[in-house]
Every structure is written in structure tokens, then in C-alpha cells.
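Dear colleague,

I am handing over the structure below, and I would be grateful if you could look through it before reading my notes. The notes follow directly after it.

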Amino acid sequence: MLTRTVTVAGGVYAPGHLGELTPYVPFELVDDVLARTRRVQRRLRQLPSRVGVYFLLALGLFPSLGYARVWDKLTAGLQGLPLQRPSEKSLRDLRRRLGPAPMKELFEVLVGPMAQPTTPGVCYRRWRTVAFDGCSSLKAPDQPQIRGLLDKIRHHRGMAGYPALRLLALCETGTRGLLGAVFGPSATGEMAYAARLLPLLTPRTLLLADRGFDADAFLASVSDTGAQLLIRLNPRRRPAVLATLPDGSFLTRFNGLKLRIIEAHITVTTNDGKHIGDHYWLATTLLDHRTDPADALARLYHERWEVVSAFYALRHTLLTGRVLRSCDPSGLEQEVWALLTLYQVLRRAMVDATESAPGTDPDRASFTVALQAARNQLITASGVLPADEAADTTNILTNSVLTALLPKRRPRMSARRVKCPLSRYPLRPTESRPLTSQNITQLAISIHRPHDTHPPSGGAETTVRTPGTALARTGTKDRTLQLLRSDPHRTWRVREIAHALQYPNFHSLCAQLSRWTREGLLHKPDHGTYRLTASWIHHEPPAPLPLTDRAKA
């Protein structure tokens, strides 16, 4: 006959646990959070506040079950204890009594870097790589109170069926753990939400972001935090060339912020023999081409897609695509903070499991395996507290993750679309990527140098192709800067510039000169006259390499 010993909190606190995840959310932490948010129960009865916090986290583990069924999961391994089964109304009242404040406070305590800097895939050189991105596919119940808070997304087929919540997260790309998160109505843009997370950036982080975050003011705000950045630019932007670097990248300034621009064309060959390419414009504060080659940064940029994998685990693996259960704004906020907290706890457990096997990349840990193991250990109430502090207890969740490691990630690609007949993200008619996932057999990155070729008369901008290179752009901005640098301290009249450039559209040139003045390229001392600003006359050469970096280069 087999016997099993379960060690949990005493009395009415016994149902308050998460199985083997409990050490990541210990009783002392929950009690402290409740005390700081003033949500400790006034009278100790059947459902204390501590149990309510663990019950909220358990709701996230079982999104398809109702309150009573989730309570049964919490108490399934506690047979023999004198515990009463509360009604669903009592559990709803417990949620309302807690409110969203304790869950938000608990999440803010648990967020932060997870892995050691030496863990594979976590750092680029001395910076920890992090990424911004947003998710607007979290659906809330279609109830009047929710519709008053959130909007329904309008797409080409009409209005969406459910109000949508926009979630924006700052993610550690190496582990997919969260450093911070904000959420609210989808009508508010991602840039506004991202600005609230900027204080989380430090001089030890390297931010990766897509072209939705390439606004000049946002780039300056990121730089002010001391963090480095690598952001994809909108292809419609035309950065002026301050200086060309030997690797083909060039320096520029965005409203005083000095950046390095990398124009790269990436071509992949799939296993069916197709060649598919895309053009990238990347901006970075890593200005030294010797320590940070352009092709290495182009490869690093794709690490930002790890935040999309984090949203997939939260939205589809954890929630299984279901609509959130709360039907009022306060409950909805509480539920989202609880889900984010549970996700963070699971990621911490997965990172601890992979770090127990040195050299294992956290990417190889399966979120599905960890989630299922956590559910099983909650039902059996295993690993809540060690029966003996000196005993060598076996962590089943860690063993489950390590015995089911995913194979090393193979390079592959497919068309990016939502597989739903009514999706608001239909497949683009010009999509060149394959509809099904294809392995990549070869990847080529070519860095393009800025060209000084003059456009033909009558054109403000043109595109030229030279042998052995891809498309390169030349425009009035760079030609004007080259002209003014020929006599940098001279004041030029507009007609002199138009005549030297053989530019026929005088009024268009006046408008462009005024715009470049607002951007900080030019100074306008008098009506109709311009000269270069001091920052665009000369550029500072890169600082000498430290001995350690010189050896690496």
C-alpha cells in the first residue's frame, strides 16, 4: 500500500497553494502584498484573502472550468482535511473583495530578468536583449460594462464580435519572460502604452522593436534611459547620410540623436528551391562597425520575434483562445493581472529547469509541458512545502521540462496570417512567402552602401541599381548636404541651391528646406537663406576600442 504525505498551510489556509509553483509565489509574499494593498480579511472565516489570491491564479490554469470546478482542483489532494466547499457566489464575492490591486502588485514584484547573463541566447555582448510588442487579440465578454470600457475592432468585414483588449509587454527575448506589461482599450496606440514601460529600460539592456516604434521622439526617449536600441525603420523614411562606414552602414541624426543606419536585403532559400527576399532599414545606437558588424545586427534583429512567441503562449496555450471570463471592468483588470502573473511564474520555473542543465537554451523548454505539469501538481498538492528541510525532494515540473526538451530550433518560414476564415488579417495578394512552413536551407544578408548618384533633372528622388548591389536610393536631401558641406560655413540662398542641384521645382525645394530646418539639419539665419548646423558639418570618429573588445574584433 502506497502512502503520500502532503504538507500545506494549516486550517482554512490549506486550499491556498499552486502545487510546485507555490515556492515562486510563497505565502509570505502573498501576505505582504495583501498587507500593502490593504486587502487582508477583517475576520478570518472560510475564505481568507490569501486563499483568494491562489484561487485567482488557479483560474488561469483552468480557463475552461467554472469556479466550483477550479476549487475542486485546489482541494483534490487535500482529502481528509476538514474543508468545506464554498458556493460559487462566495467565490465571486471573494474576487470582488480582493479587487485588482493585489494581483497587479504581485505581478510587479515577480517581473524582471530571469536568466543569468551567461545563459545561452540571453545577451548580445554585454547587453540583455529585450523587445517591445503589442497584442490586440485578447477578447473580453460582450457585455454593456465591458463595451463601455473597450472598443470592438473594425475590420474589412465589419465589427469584431467581442471587445478587444490591447496588451503591450516588454519581454526578455532569451527567456520570453516579462519585464513589464500594460493594457487597456485597443483604441489607444502601442506607442502610448510603450512610453509607460520606458522606465524599465536600463543601460544594461538592448531594445529590439519593429517599425511601429520608429518615431523620433520615442527613439530619443529610449536613448535617454541609457539603453541601446535596434529598431526597424519605416521604408518611407529617408535618413540623410552624415558619414559612411566601411561595412556599408552610415551615420545619421534624427532630431539631434546620432544613429547608425543599416540597409540590408535578406534572401532565404527554402527546401523547395524558392528564393524569397525582403528589404530592411535598421537604426541602432551601436555606432562602432568594428564591434557590431552590420550583418551581425541584421541577424540579431530577428530575436524580437520572441515576444510574439510569448503572446502565443499566453493567448493560445494558456487561454486556449478563450474569451476572458470577467464581465465587469474591475474583474477584467484583476483577471488579466492574474494571467500575467501566472505566465511569469511558469516562465521562471522553466528557466530554473533549463539552468539546472548547464548549456541548455531556454528556448528548448516547452511551455505546454510545463503548463500540464503545473496543473497535475496543483491537483495532487505536491511540492507546496517540503516535508523536511533537509530532505532531497524531487521537482517533478523540472524533470518534466528536462525530459521533454524541444529540439534545437530549425530555421523556417511561412506566410504570416491568422488561420481563420473571418480574420481581419487576410493573406496579402502579393504575399511571396509559402502558405505552409518551409525549412530554410540558406540565408544570405547583403548590406547596401548609400550611393551618391545624382538623380535625373526634374526628379526629387530616384532609385538606381549598380552591378552587384540591390536597389539604392539617392535624393535631394543627401545632394543638398553634400553641396553645403563643400563650403560648410557659408550661408546659401535657396536659388543658389536650386541652380547648383539643377532642381526645377523651386517651391518644392523651399518646402523641403523648411522641413529639414525643423529636423535640425539646417539653420535659417534669415529669410530665404540656409546653412548647415554644426552637428552636420563634422562627425566624431568612433572611440578607440578597449583592449578586450579589440581582441574580440
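Arg 176 lies in the loop between strand 4 (158–172) and strand 5 (177–185), where helices (H or I, at least four residues) and strands (E, at least two) are DSSP runs, numbered from the N terminus. Please keep in mind that this is a predicted model, in which local features need pLDDT of at least 70 and side-chain atom pairs count only at pLDDT 80 or more, while totals for chains, interfaces and linings use all residues. Residues are numbered from 1 along each chain as its sequence is written, and side-chain values use heavy atoms, with hydrogens and water left out.

The phi angle of Arg 176 is near 65°, a positive value in a residue other than glycine, and Arg 176 counts as buried because its relative accessibility is 12% (buried means under 20% relative accessible area, exposed over 50%, and partly exposed in between, with a 1.4 Å probe and protein chains only). Another positive phi in a residue other than glycine, near 50°, belongs to Asn 255, which sits in the loop between strand 9 (250–254) and strand 10 (257–270); at 46% relative accessibility, Asn 255 counts as partly exposed.

Ser 49 is found in helix 2 (residues 49–61) and counts as buried, at 0% relative accessibility. Leaving aside neighbours within four places in sequence, Ser 49 is in contact (heavy atoms within 4.5 Å) with Leu 34, Arg 39, Val 40, Gln 41, Arg 97 and Leu 98.

Turning to helix packing, helix 5 (residues 101–110) and helix 11 (residues 329–355) have their axes 8 Å apart and pack at an angle of about 25° (axes are lines fitted to C-alpha atoms, for helices over the stretch in contact, and angles run from 0 to 180 degrees between N-to-C directions). Helix 5 is therefore roughly parallel to helix 11, given that angles under 35 degrees count as roughly parallel, over 145 as roughly antiparallel, 65 to 115 as roughly perpendicular and the rest as oblique.

Finally, 3 strands form an open sheet in the order 16-18-17, with antiparallel pairing (two strands pair if DSSP finds at least two bridges between them). Strand 16 (492–493) and strand 17 (522–526) are the edge strands, each pairing on one side only. Strand 16 pairs with strand 18 (residues 529–532) over 2 bridges, and Arg 493 stands opposite Thr 529 in strand 18. Helix 14 (residues 476–485) lies across strand 16, strand 17 and strand 18, and runs at about 80° to strand 18.
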